[in-house]
Every structure is written in structure tokens, then in C-alpha cells.
Amino acid sequence: MFSDYCMRRACRECFQDLRGTKFEEKMGCLLSTPGVAGETRRRPKNIGEVLVFVPGLRIPMPLDFAQPLGDGLPKSMVERLSALRTRIVVMAGQEAPMTTKPRRTATTHGGSTLADLQQVLEDYLPVLLGLVENGNHIKHNLQFCWINQEDGVEETTMSDSWYEVLSVLHLMAVISLSQANLLLLPNTSTDVHQYKVLEECKRASVDIFLKAAGYLDFAVQQVLPQLPLELRNALPLDLTEGVLKALCLQALGQGVEVQLGMAIDSIKATLAVKRRLACEMVKYWHEAQECIMDLPLANGWGEKHKLFIQWKHVEAKAVAYYLHGLILEEGNTSAEIAAAALQAAEEYLKESKKACESFHTTPPLSRNPPLWGASQYLVERIPKDISTKTINWGSIKHEMIMQLAPALPDFVLSLKPDEYQLPLMDPSWNDLQVQNLFRTK
């Protein structure tokens with residue numbers, strides 16, 4: 001545990017580097033003074049290889065608990081809240097530039113610093129819940145401020161502790177997506193043992209995607225309704241229902257994509273199993289695009305977020321139509337219908353390549369890692385097979401090809417978010433109630 005002095009010093013140094021602001025220490029608390037305009041929220045120019053889109057980390061700003069809570073809580077509780085949150089401020093500020101470095105070394109668990117930050121957030125939640133449960137009268141005494149990433153407004157401050165809970169859950173989800181991205185970056189080694197580890201990472205990433213989806217689904221279903229409508233309408237785009245749902249569906253869609261990749265590599269997986277996974281993937285990405293398409297996400301990460309979902313949606317359609325076409329060929333369906341499905345796959349592959357380029361060339365710049373799984377399958381199989389399996393329709397237009405394509409099968413979605421629940425309130429709050437050291441309504 002940091003000493004109080006060390007935490008304040010680390011916090012000040014971290015934010016001087018991150019935000020270009022000057023900090024003055026007055027009466028034991030940190031007060032920020034805006035620095036040069038436009039430097040409040042620095043964005044990386046290049047984030048390197050991307051398999052899982054991760055919006056930049058929302059970072060909490062320093063908060064002095066002593067002044068608003070000093071008369072309502074004992075010193076030990078105020079210090080505990082301060083210590084936990086300050087650790088999050090410091091660690092998130094240090095981790096934010098690291099999550100967008102072009103290449104990081106991943107451990108089996110997705111990187112120790114991310115895991116450490118996740119643990120601190122989990123430690124903070126039970127203590128934080130004392131401010132929101134049991135009608136605590138000090139729920140609105142604090143001004144929680146976080147730096148945004150997908151909203152045009154640089155930071156958002158709200159005096160409702162449920163906003164802090166929502167921000168913590170969002171950060172936990174984004175950290176999980178970052179861990180999954182690290183796990184899925186291919187190992188270039190040709191060593192057989194290293195390949196086995198990569199397979200283990202794929203399986204572990206699915207669990208992480210479901211965990212991230214669980215945080216986000218709970219945030220939408222249980223935390224957003226706790227905020228008054230006025231505050232919900234004032235939330236930054238990062239925390240709006242549409243973005244939270246889109247991120248949740250993205251996590252599920254990418255979990256299915258990993259499962260499809262493993263099925264493609266498995267000699268035991270049937271064509272029907274692969275098609276089902278591909279069709280499920282299309283539905284997840286379609287729903288994600290529906291959630292986010294009308295939101296004004298045109299600021300840095302937000303625009304890239306939209307483009308990522310558009311790209312993955314089209315890519316999923318290419319795989320699904322290709323596999324559907326192969327199954328139609330094997331059945332009693334007419335050759336024309338099977339060919340139409342395969343022709344649609346080829347068209348979606350062309351769209352996918354354009355969408356991929358558009359995503360990667362939109363700032364912050366990024367690039368594809370070495371292909372594997374469904375993406376590799378697309379690039380290698382479709383161009384080779386389509387030329388021999390489809391009918392020569394000459395100069396038929398793209399729109400006509402899409403009209404002739406048969407509908408994809410509709411499968412029930414198999415992946416669901418983990419059932420997340422908030423932890424129990426820290427027992428020390430119950431002790432304070434018994435001692436009548438703070439009032440509840």
C-alpha cells in the first residue's frame with residue numbers, strides 16, 4: 001500500500017505527464033489547473049496491431065474525500081476510500097498509454113499490470129457501495145470526475161456515486177477487452193509448444209469476453225436505471241446505453257469469432273457447426289451496429305469504434321455466406337442459389353477489405369496482425385473457391401448479387417454475458433451504522 005505522500009506525489013507526476021496540466025497541492029489535496037488548450041486529452045498516433053477494439057481508458061481525476069466527508073465519516077473510512085481511489089487514479093494514468101502501445105508482451109493472463117488494476121477496482125467497489133446503499137445521505141456529497149475518450153467533451157463530473165460505480169464497471173470491461181487483445185495477438189514462433197500456449201490463450205480469451213460482457217450488461221440493466229433521467233441524459237457518450245450495449249455485443253461477437261477460428265482449425269468440427277457460429281457472429285455484429293450507428297461518435301476513438309463494428313459485421317457476413325454456400329452445394333438446393341450465396345461471400349469479402357483499410361487508416365492508426373482463424377480462412381479460401389464454384393454472371397451489379405443471395409439461417413445466439421453481480425458492501429459500513437457514526441435516510 002502506498003503511503004499518503006507517495007500516492008499524492010505519484011498522482012501528480014502521472015497526470016502532469018498524461019494531461020499536460022499543472023498541479024498545486026493545497027491543504028493535503030490536489031487541485032488541477034488546465035494547461036495548454038488541447039493537451040488535456042492526448043491521443044496516440046499509432047496503436048499498432050489490433051484484433052480487439054479497445055477505446056482508450058477513461059481515467060478518474062484526483063478526488064479529495066476529506067473535505068466533503070470529513071464530518072460525516074470517521075477518519076479511517078475516509079482514508080480508506082482515498083487510498084483505494086488514488087491507487088486507481090495512479091495506475092489507470094500509468095496504464096492508459098501502455099494499452100495503446102504498438103506491441104506489448106502478453107502473459108497467459110493478459111498482462112500483470114492490467115490484472116493489478118482490475119484487482120484494485122474490485123477492491124474499491126465494496127467500499128464505494130457504502131456511499132450508494134441504504135439511502136446514505138452522503139451519496140451526493142462528492143464530485144466524481146473522469147476523463148472521457150469517445151465523447152467530444154474531455155471530462156465529465158457528476159455528484160452521484162452511481163456515476164462512479166458505472167465508470168468503474170466500464171473501466172473493468174475495457175481492461176478485460178485489453179487483456180483479450182493481448183492474448184489473441186499471434187505468437188510468431190513456429191515452436192509447437194508455443195502454438196499450444198496460443199490455443200490456451202484463445203480459450204482463455206473467450207472467458208474474458210464473457211466477463212467483459214457481464215460487466216457491461218449489468219451496467220446497462222442495473223446501474224443506469226439508478227441514475228436520475230437528467231443525469232442519464234448528461235452522461236458522456238462513453239457511458240451511454242448505446243455504446244455500453246455495443247461494447248457488450250462486440251465482446252460476445254468476438255468470443256464467437258474465436259470459437260469459429262478454433263472450429264476452422266479443428267478437423268472434428270463439421271461444416272454445419274462452422275456455419276452456425278458464423279451466422280451467430282453476423283447477428284451479434286448487426287445488433288452492435290444498430291446500437292451505435294446513430295450516435296454522434298465522431299471524436300477520435302468514437303469514429304474508430306464505429307468503423308471497427310462496420311468492418312467486423314461485413315467480414316462476418318463474408319464468412320457466413322461462404323459456409324452457407326458450401327452447405328447449399330452439398331444439399332438438394334439448386335446450383336444457382338448456392339452460387340448466389342458464394343457470389344455474395346465474394347462481394348462481402350471485397351467490402352470487408354475496404355472496411356478494414358478504412359478502420360486501420362483512421363487515427364489513431366493501426367494495422368492487422370498476422371491472420372489466423374476466420375480472417376485467414378476468408379483470404380485463403382474464398383478467392384480460390386469462388387472462381388471454380390460460381391456462375392459467370394458477367395457485369396452483374398453488386399446490388400443485384402445481394403438481392404439474389406439467399407437469406408442466412410437464423411440461429412438462437414449461444415453466448416450470453418456472464419451473470420455479474422456487485423460485491424457485498426464492505427462490512428465496515430455496517431459497523432458504522434451500528435455505532436450510529438453516519439446517518440441514513
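Trainee: What is the accessible surface of the protein, and how much of it belongs to carbon and sulfur atoms?
Mentor: The surface comes to about 19900 Å², and carbon and sulfur atoms hold 51% of that. The areas come from the Shrake-Rupley method with a 1.4 Å probe, and for residues only the protein chains shown count as cover. This is a predicted model, in which local features need pLDDT of at least 70, side-chain atom pairs count only at pLDDT 80 or more, and totals for chains, interfaces and linings use all residues. Residues are numbered from 1 along each chain as its sequence is written, and side-chain values use heavy atoms, with hydrogens and water left out.

Trainee: What is the confidence in the protein, and where is it lowest and highest?
Mentor: The mean pLDDT (the predictor's confidence in each residue, from 0 to 100) is 80 for the protein, and 77% of the residues score at least 70. Strand β2 (residues 29-33) is lowest at a mean of 32, while helix α9 (residues 271-292) is highest at 96. Residues 1-40 have a pLDDT below 50, yet this stretch has 70 contacts in the model beyond near neighbours in sequence; a contact means heavy atoms within 4.5 Å. Residues 102-111 are also below 50, with 23 such contacts. Where pLDDT is low, the predicted coordinates should not be read in detail.

Trainee: How many helices and strands are there in the protein?
Mentor: The protein has 14 helices and seven strands. These are DSSP runs numbered from the N terminus, with at least four residues of H or I for a helix and at least two of E for a strand.

Trainee: Why are β4 and β6 said to stand at the edges?
Mentor: The open sheet has the order β4-β5-β6 with antiparallel pairing. Strands pair if DSSP finds at least two bridges between them. Two bridges join β4 to β5 (residues 144-147), and four join β5 to β6. β4 (59-60) and β6 (155-158) each have a single partner strand, so one side of each is left without a neighbour in the sheet.

Trainee: How do α8 and α10 pack?
Mentor: Helix α8 (residues 241-265) and helix α10 (residues 301-330) pack at about 35°, with axes 12 Å apart. Axes are lines fitted to C-alpha atoms, for helices over the stretch in contact, and angles run from 0 to 180 degrees between N-to-C directions. Among the residues that meet are L247 and Q250 in α8, and F308 and I309 in α10.
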